[in-house]
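Subject: Structure for you to look at

Hello,

Please open the structure below and keep it on screen while you read. My notes follow it.

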Amino acid sequence: MNNLIISTIGSHSALQILFGAKQENFNTKVYCLKDRDSLYRRYPVANEIVTLDSYEDLLEIAADSQEIFIPHGTLIAALGDKLRDISIPMFGNREGMLWEMNRAKNQKLLETAGIRVPRTLKSDDITELAIVKFPGAMGGSGYFVCSSSDEFDTKINDLVSQNKISDYDIKNAQIQEYVTGVTMYPHYFYSGIYERVEMLGIDRRYETNVDALGRLSQNDHPVEPSYKVVGNQPLIARESLLPQILEHGDKLREASTNLFAPGLIGPYCIEMAITSEEIVAFEFTSRIVAGTSLYVNGSPYSKILFNEEMSMAKRIAREIKMAMGQRRLQEFLT
Ligand code: ADP
């Protein structure tokens with residue numbers, strides 16, 4: 001058993017993270033809200049369970065050189081840029097998470113990497129199918145689609161009269177070309193030890209109600225789509241698409257080194273849609289994504305790469321172990 005403790009907060013992909021750490025013989029700790037501790041007792045992945053009244057309590061916990069914290073989506077949602085002030089050393093680049101959570105910076109990294117993003121449209125110049133996103137909308141709730149400026153105005157007025165959006169939301173709404181493609185979320189890992197980008201798996205999000213609309217005739221019963229994630233499905237890409245998918249991962253990592261040195265470290269993802277002509281990216285994430293939990297036993301790609309069952313969490317723990325062996329751990333922590 002290793003003396004180092006790998007910790008995370010109890011939500012999102014914590015079961016996978018802690019299980020992967022145990023597979024690599026680390027001690028594990030989970031920080032969870034009171035109503036969640038029974039989950040981490042029922043699945044024995046944590047050597048220690050610490051209950052918190054709120055995630056903000058994490059900010060009070062003193063740094064421990066024997067502990068490494070693995071960030072995930074709930075940390076970003078719960079603490080926003082306060083995650084900067086967490087004292088426990090984190091695996092990965094915190095700066096990347098600050099770029100992830102800021103929509104303009106998120107787009108800037110993708111654009112700097114030369115990755116095609118949806119075109120931004122102006123509210124008085126909508127002549128094609130568009131998606132309207134409000135600031136801070138988590139998981140796509142509250143988005144709407146429209147195909148003209150008049151329809152945009154009507155839908156905005158409806159939302160205002162229902163008190164669902166504020167002036168701030170309207171001012172900061174992002175209007176984008178609607179990309180009619182199949183969504184794919186490749187799970188990348190930048191290894192500083194091997195100095196390479198690995199693609200360990202792909203998932204697609206299962207979103208309600210947009211993924212259920214095909215069950216109704218939209219001509220007879222038109223329904224406004226929503227994009228709330230309810231689960232993830234495994235996916236493999238057509239093999240001829242893989243070179244491009246890998247290249248997207250390489251380009252993002254390369255661009256990140258220029259925008260927030262030393263750039264992306266460990267797990268990241270590009271949320272993309274693949275149309276019949278091209279790959280278009282909505283967003284990047286700079287940490288483990290929830291869809292990786294499909295592959296606790298490894299994915300087809302990670303099996304072929306490592307010839308063992310390699311989950312994203314086990315890969316993180318393996319990198320930490322190798323970095324310790326080479327006395328380079330500090331390079332991968334922020
Ligand atoms: P959030 O940051 O709230 O998760 P995203 O920008 O990732 O929001 O979008 C959530 C979902 O909305 C995506 O998974 C995708 O299904 C859909 N979506 C977002 N942007 C577009 C777009 N330009 N065209 C088509 N669908 C989109």
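Helices (H or I, at least four residues) and strands (E, at least two) are DSSP runs, numbered from the N terminus. This is a predicted model, in which local features need pLDDT of at least 70 and side-chain atom pairs count only at pLDDT 80 or more, while totals for chains, interfaces and linings use all residues. Residues are numbered from 1 along each chain as its sequence is written, and side-chain values use heavy atoms, with hydrogens and water left out.

**Helix 10 and I320**

Start with I320, which is found in helix 10 (residues 312-325). Is I320 buried or exposed? Here buried means under 20% relative accessible area, exposed means over 50%, and partly exposed is in between (1.4 Å probe, protein chains only). I320 counts as buried because its relative accessible area is 0%. Contact means heavy atoms within 4.5 Å. Leaving aside residues up to four places away in sequence, I320 touches L4, I6, F26, I68, I70, F91 and L329. G266 is 54 residues from I320 along the chain, and the C-alpha atoms of the two are separated by 9.9 Å.

**Helix 1**

Helix 1 covers residues 14-23, and its buried residues are A14, Q16, I17, L18, G20 and A21. An α-helix has 3.6 residues a turn, so residues three or four places apart point the same way. Helix 10 is among the elements that cover the buried residues of helix 1, as are strand 1 (5-9), strand 2 (27-33) and helix 2 (37-42).

**Nonpolar cores**

In soluble globular proteins, nonpolar side chains tend to be buried together. A nonpolar core is a set of buried Ala, Val, Leu, Ile, Met, Phe, Trp, Tyr and Cys residues joined through side-chain atoms within 4.5 Å. The largest such core has 27 residues, of which L110, M184, A237, I245, L252, I270 and M272 touch the most other members. At least two residues of this core come from each of helix 5 (103-112), strand 8, strand 9, helix 8 (242-259), strand 11 (266-274) and strand 12 (279-285). A second, separate core has 23 residues, including I316, A323, F332 and L333.

What does I270 touch, not counting residues up to four places away in sequence? The contacts of I270 are L110, I115, M184, Y185, P186, Y188, H248, G249, L252, A281, E283 and F284.

Two strands pair if DSSP finds at least two bridges between them. Strand 8 (residues 182-191) and strand 9 (residues 196-209) run antiparallel and are joined by seven bridges.

**Cavities**

On a 1 Å grid over the protein atoms alone, a cavity is a set of points where a 1.4 Å probe fits but cannot get out, and lining residues have an atom within 4 Å of a point. Grid points are joined across faces, edges and corners, and a volume is the space filled by probe spheres set on the points. How many cavities of 30 Å³ or more are there? The count comes to two.

- The largest cavity holds about 60 Å³ of space. Its lining is I70, P71, F91, G92, M97, I265, P267, S286, R287, I288 and I316.
- The second largest cavity holds about 40 Å³. H187, L200, G201, T292, Y295, M310, S311 and M312 line the second largest cavity.

**Backbone points to check**

Most residues other than glycine have a negative phi, and most peptide bonds are trans. These places depart from that:

- A cis peptide bond joins T208 and N209, with omega about 0°; N209 lies in strand 9.
- A261 and P262 are also joined by a cis peptide bond, with omega about 0°; P262 is in the loop between helix 8 and strand 11.
- N25, which follows helix 1, has a positive phi near 70°.
- N163 has a positive phi near 55° and sits in the loop between helix 6 (149-161) and helix 7 (167-171). N163 counts as exposed because its relative accessibility is 71%.

Regards

Methods:
1 Å grid on protein atoms, 1.4 Å probe; cavity = no way out; pocket = protein on both sides within 12 Å on 5 of 7 lines; lining within 4 Å.
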